[in-house]
Amino acid sequence: MISTGNRPRYIRNGLLIDPSQGIEALHDLELSDGRIVAIMEPGTAPEGAQTIDASGLWVCPGLIDIHVHFREPGQEYKEDLASGSRSAVAGGFTTVVCMPNTSPPVHSREVVSLLRRRSQEIGLCDVLVCGAISRDLRGERLADLGEMASAGAVAFSDDGRPVMDAGLLRRALEYASDLKRPLMLHEEDFGLTSGGCMHEGRISTRAGLRGMPISGESGMIARDLELLEEFGGRLHICHLSTEAGLRLVRTARQRGLPVTCEVTPHHLFLTDAAVLGSEYHSHTKMNPPLRPQRHVDALRQGLVDGTVAAIATDHAPHSDTEKDHDFSCSAFGVTGLETSLGLTLKLVEEGVIGRARAVELLTSGPASVLGLDDRGGLQAGSRADLCLIDPDAEWVVDPNQGFSRSVNTPFVGWTLRGRCAATLYGGRVVFDGRSIAD
Amino acid sequence: MKPVSPIAVPVVLPTDRSGWPNHLLSCDGLSAEAAQQLFATAREMRQVGRRRVKKLPTLRGRTIINAFFENSTRTRVSFELAGKRMGADVINFSASGSSAAKGETLGDTARTLDAMNPDLITVRHGAGGAPWFLAQRLGCAVVNAGDGINEHPTQALLDAFTLTEHLGDLRGRKILIVGDIAHSRVARSNIHLLNTLGAEVTCVAPRTMIPAGFSQALPARWHGNLDDLIETADAVMMLRIQRERMQQSLFPQDREFSIRFGMNPARADRLQEHAIIMHPGPINRGVEIDPSVADGRRAVILDQVENGVALRMAIGFLLLGASGE
């Protein structure tokens, strides 16, 4: 019986899927003191009160989402670290990386420390911090990158906004390189996208809305890859949404440039047609916007050929009030932590990727993007962060049953197959399939 | 927050977004039959406007709210006159500035309006999609009086009505729409409606004023030179040039636009004898249309205004009065 608060000694009869070690077979798992002790032959672990029976379940490393917005400090009405952590572990995630566009923004060691302390107090999952690139996210001067790194920041980003000034981005690349931290970039050229609220194309024209053209994203990616090549550093492209952008990343990677990219679940399933199809529903509004089918197809191909390292949700909770406007006035963004796994498994169901690749995109892939060597796998000695997946459980997306404080998801009413049956963090069951541990 | 129906993949795009006969939200999909019915009714209504007592009892006791979130005197007056001539209680509700800026959500405004039990709401808003937003939340009929750069269906209906009055059957007729197509809800609604009525619409504009995916999204052609098409046109519809488009570098300055695309006397003289010149108003004299042409015999701008009131009376009648409730 899996229940919250338990610290099992063994996980028995599960299908272990650990892409970092090339494991995809029945194994038992031994845990102790919050760590993984050993992978055992299947069926050899003793049964009993200290054993979780994982028959029919996949046993995977705890999932990792390197791009979420938890709105703390400052906007706790729509989410905070506590509600966000609950949403995360309900989705199978044991590590998340928070973006800095809070109020105040995460641009100094004090805010980084605050968030790290809160993460430890809440104790449901590991909330890592991405610090701002520029002070106040204004894109003018560097934020305290070194101090933030010492306080625990794992990367830097001005996410929510691009770094429009190439000169500043050059310095950020160089400086962050000394600190061995990557830059996570939101790629958008305001000169091309300003005023836009969806993809610019025949759908936006038919809908009578201002759009954001492809080159608003790809042009910026091209620029930043040039900077990377000339000045060094490490670059990670956030929420890649365009075929052209993906092509640029693929070519750069083939030439050996240190660049990675992530894609959101919604960009793998929905197109800009959803805006018209839903009659301008604000839950189809996000940045970067939903794109036409050929971009969705290209991104899926990127998952297959390895150009895309990670699936990351860009979990962006907003209150009903902020979404209860006409389309152009509504806030950009949708939630994603509790639907990410189900949608990634839907890609498996549709034959786009195999299950090991699916797990990789949610575990070792994101871990490697940020150099998080101590997680994303089931190596002996690593912290016992686990996600037990029931691959056959069918469920209907209902955000009112979810744990996030916000309900803005475009996947309402979707039937998904596969969900998290249990989440263990540091060896403790923090989610048992129904409820969250205290 | 109104729940959304599950988004199907792939999305099936609607063919008729007009909302007719419950609402009038757009001309995108409005049937030719509905348009003809509106024209026939408008013809009757126009007579009312020419009598000494300009009143019908049809909508007596009904409540019409003109919810204008964007300034407009001409359209509002036209709707107000139309409603009052039908005998309705017409109330004007002005809310300038975006609801977000004021702190009140459009949803709250919708619920407030709904609580007053209107029979019909006309809405003009700076954001495309706002009429759909209201139609999803209100129990009454919604008429789009212009939403952002999306549609202005009543304008297109009065334009098509005017064209029908002057040219008869519009099938095969060559209509030119000249100006900022990309940002003109008048152009967009007209393209849909005129195409439905069988006309051949060509947009004449610099490339900067043609929207993305134009040929796939809208049933019209684009040509960059007005002089090539003047002699075969049956009607030319001039759009108002907005000065802020200069700031956005859509065109360098008034004079250049006027030279390349303006309806000047030389061009007006080359039109066929029966061809007419239209403009939704207000006109920028000397920019898109020369003063002498605007005041000349081919321009039917004032007919459009009179037809506008009649057409809006017809809309009220068919949305509310005909049911006899």
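## Aromatic pairs in chain A

A:Trp414 is buried, with a relative accessibility of 7%, in a model that is predicted. A:Phe269 is buried as well, its relative accessible area being 4%. Over all chains there are 8 aromatic pairs, and one of them joins A:Phe269 to A:Trp414 in an edge-to-face arrangement, with 6.1 Å from centre to centre and 90 degrees between the planes. Because A:Phe269 belongs to helix 9 (residues 266-269) of chain A, while A:Trp414 lies in the loop between strand 16 (386-396) and strand 17 (415-425) of chain A, the pair ties together parts that are 145 residues apart in sequence. Ring pairs also bring in A:Phe411, which forms a cluster with A:Phe269 and A:Trp414.

A:Phe431 is buried at 4% relative accessibility, whereas A:Phe403 is partly exposed at 24%. The centres of these two rings, A:Phe403 and A:Phe431, are 6.1 Å apart and their planes stand at 85 degrees, so the pair is edge-to-face.

## The parallel sheet of chain B

In chain B, 4 strands form an open sheet with parallel pairing and the order 2-1-3-4. Strand 2 (89-94) and strand 4 (141-147) of chain B each have a single partner strand, so one side of each is left without a neighbour in the sheet. From one strand to the next, the twist averages 15 degrees.

Helix 2 (residues 73-85) of chain B packs on this sheet, where it touches strand 1, strand 2, strand 3 and strand 4 of chain B.

## Charges over rings

A:Lys285 lies over the face of A:Phe332, 4.4 Å from the ring centre, and in chain B the charged end of B:Arg312 sits over the ring of B:Phe79, at 4.6 Å from its centre.

How values were computed. Residues are numbered from 1 along each chain as its sequence is written. Chains are lettered from A and ligands numbered from 1 in the order in which they are written. This is a predicted model: local features need pLDDT of at least 70, side-chain atom pairs count only at pLDDT 80 or more; totals for chains, interfaces and linings use all residues. Side-chain values use heavy atoms; hydrogens and water are left out. Two strands pair if DSSP finds at least two bridges between them. Helices (H or I, at least four residues) and strands (E, at least two) are DSSP runs, numbered from the N terminus. Axes are lines fitted to C-alpha atoms, for helices over the stretch in contact, and angles run from 0 to 180 degrees between N-to-C directions. Contact means heavy atoms within 4.5 Å. Rings of Phe, Tyr and Trp (its six-membered ring) pair if their centres lie within 6.5 Å; planes under 30 degrees apart count as stacked, over 60 as edge-to-face and the rest as tilted. Buried means under 20% relative accessible area, exposed over 50%, partly exposed in between (1.4 Å probe, protein chains only). A charge sits over a ring if NZ of Lys or CZ of Arg is within 6 Å of the ring centre and within 35 degrees of the ring normal.
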